[in-house]
Every structure is written in structure tokens, then in C-alpha cells.
Amino acid sequence: MIQHYGLFFLFGVVCLESAGLWLPGETALIAAGVYASKGHLSIEAVIVVAAVAAIIGDNIGYWLGREGGRRLLFHYAVSRRFAERVLPPAERFFERHGGKAVFLARFFGGLRVTGAWMAGITRMEWWRFFFWNAAGGIVWAAGVGLIAYYAGRAAADAFARYGVYAAIVGGLLLVAGIAALHVWRRRVVEKSA
């Protein structure tokens with residue numbers, strides 16, 4: 001099932017997450033990278049599918065934000081007051097830092113879901129959005145996919161060679177790595193705020 005439909009599932013989850021739905025796109029990419037390390041999928045195909053899905057999904061989110069986001073914000077009195085107060089600084093931010101924001105949003109869960117919408121709502125130029133979105137999508141898919149691929153391969157080799165003890169140590173190292181990544185992401189967000 002994974003060999004036949006895994007790439008379609010990966011495309012759907014990553015694309016829908018990038019378009020604005022809260023789905024586990026990065027988790028799907030990690031799982032696909034691990035499956036590729038076991039020979040069930042091609043890592044090249046996993047990276048290409050994830051990158052294309054991220055780019056397409058973000059463009060859908062961008063256009064939804066650009067065409068419908070402002071209309072929705074200004075439709076109700078409560079949200080109109082909020083939009084009148086928040087949109088001018090957001091537009092200035094995206095004018096100055098939009099490229100960096102779109103690129104880096106790909107690497108943070110909540111921003112990955114909302115970044116494209118915000119770029120569209122603030123009317124960031126599409127060609128600029130597209131360039132930085134494509135760069136972020138490709139780097140994200142290649143980086144996360146390859147890390148999952150090589151980590152999965154190393155875990156399988158260690159388990160075959162050292163058995164259960166290797167799995168326990170590998171699991172502890174994985175948890176420590178995820179915790180370190182979480183702390184690093186939190187510090188980056190706090191510095192940018």
C-alpha cells in the first residue's frame with residue numbers, strides 16, 4: 001500500500017497543510033523518508049513530491065489569502081477594527097522582510113500553515129512570494145527528507161547490528177534531538193518577536 005499510494009498521500013498531506021489546513025505535513029515527510037530508507041519508496045521521489053506539494057499548497061494559500069482573506073477580514077465589524085489596526089504594520093513587515101518570512105515559515109509548524117495566507121492578505125508581490133516559497137519548499141523537502149532517510153537507515157543498521165539496546169539509545173538520541181530543535185525554534189521565534 002505504501003509503495004503504491006505513499007507518494008500520493010505525502011503530496012496530499014503536504015499540499016493541504018501548506019494551503020492552510022492543520023495537517024501533519026512534516027510528519028508525513030519524515031515517515032516517507034524513513035520508508036525510503038527501508039527501500040519502500042525512492043528518496044528522490046519523496047523529496048520532489050514534497051517540494052512540489054509545498055509549493056503548490058503555499059500558492060493556493062497565498063491566493064486564498066489575497067482574494068478572500070481581506071474580504072473576510074473586512075466583512076465583520078469586529079474583524080474590520082482588528083484588520084485596520086494590524087494590517088498596516090503587517091504590510092510593512094512583509095514589504096521589508098517578506099522573502100525571509102516566507103522562506104523561514106516553511107520550517108516552523110504554525111507558520112507553515114499560515115505564512116502563505118499572511119503573504120496573500122498583505123498583498124506581497126506574487127513573483128517575490130513564489131521565488132522565496134519555492135526556495136523554502138525545496139530546501140525543506142530536501143533537508144527534512146534526507147535527515148529522515150539517513151536517520152532511518154542508521155537506526156535500521158544499528159538495530160540489526162546491536163539489537164534492542166541500539167534501538168533504545170537511538171530513541172533517546174532522537175528525543176534529545178527533537179527537544180534541542182524545539183528549544184532552538186523557540187529561541188528563534190523569541191528573537192524575531
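Tutor: Arg-123 sits in the loop between H5 and H6. The model is predicted, so every value here is computed from predicted coordinates. Phi of Arg-123 is near 60°, a positive value in a residue other than glycine. Most residues other than glycine have a negative phi. Arg-123 counts as partly exposed, because its relative accessibility is 40%, between the cut-offs of 20% for buried and 50% for exposed.

Now take the helices that this loop joins. H5 covers 109-121 and H6 covers 126-162. Both supply at least two residues to the lining of the largest cavity, and so does H4 (77-105). H5 gives the most, with 4 residues. The structure holds 1 cavity of 30 Å³ or more. The space in the largest cavity is about 80 Å³.

Which residues line the largest cavity? Asp-58, Val-102, Ala-105 and Arg-106 are among them. Leu-111, Arg-112, Gly-115 and Ala-116 also belong to the lining. Phe-129, Asn-133 and Gly-137 complete the list. By class, the lining divides into 5 nonpolar, 3 polar and 3 charged residues.

H4 and H5 come up again at an open site. The second largest pocket has a volume of about 470 Å³. Its lining has 17 residues, and the closest to its centre are Phe-93, Ala-101, Leu-104, Leu-111 and Ser-192. The elements that give two or more residues to this lining are H4, H5 and H7 (164-192). Here H4 gives the most, with 8 residues. The classes are 12 nonpolar, 4 polar and 1 charged.

H1 (residues 2-19) and H3 (residues 43-73) have axes that come within 7 Å and cross at roughly 30°. That makes H1 roughly parallel to H3, because angles under 35 degrees count as such. The crossing of H1 and H3 is right-handed. The residues of their contact divide into 16 nonpolar, 3 polar and 1 charged.

Methods
Residues numbered from 1 in each chain as written. Predicted model: local features only at pLDDT ≥ 70, side-chain atom pairs only at ≥ 80, totals over all residues. Heavy atoms only, no water. 1 Å grid on protein atoms, 1.4 Å probe; cavity = no way out; pocket = protein on both sides within 12 Å on 5 of 7 lines; lining within 4 Å. Points joined across faces, edges and corners; volume = space filled by probe spheres on them. Nonpolar A, V, L, I, M, F, W, Y, C, P; charged D, E, K, R; others polar. Axes fitted to C-alpha atoms, helices over the stretch in contact; angles between N-to-C directions. Parallel < 35°, antiparallel > 145°, perpendicular 65-115°, else oblique. Left-handed = near helix turned anticlockwise from the far one by under 90°. Buried < 20%, exposed > 50% of the residue type's maximum accessible area, 1.4 Å probe, protein only.
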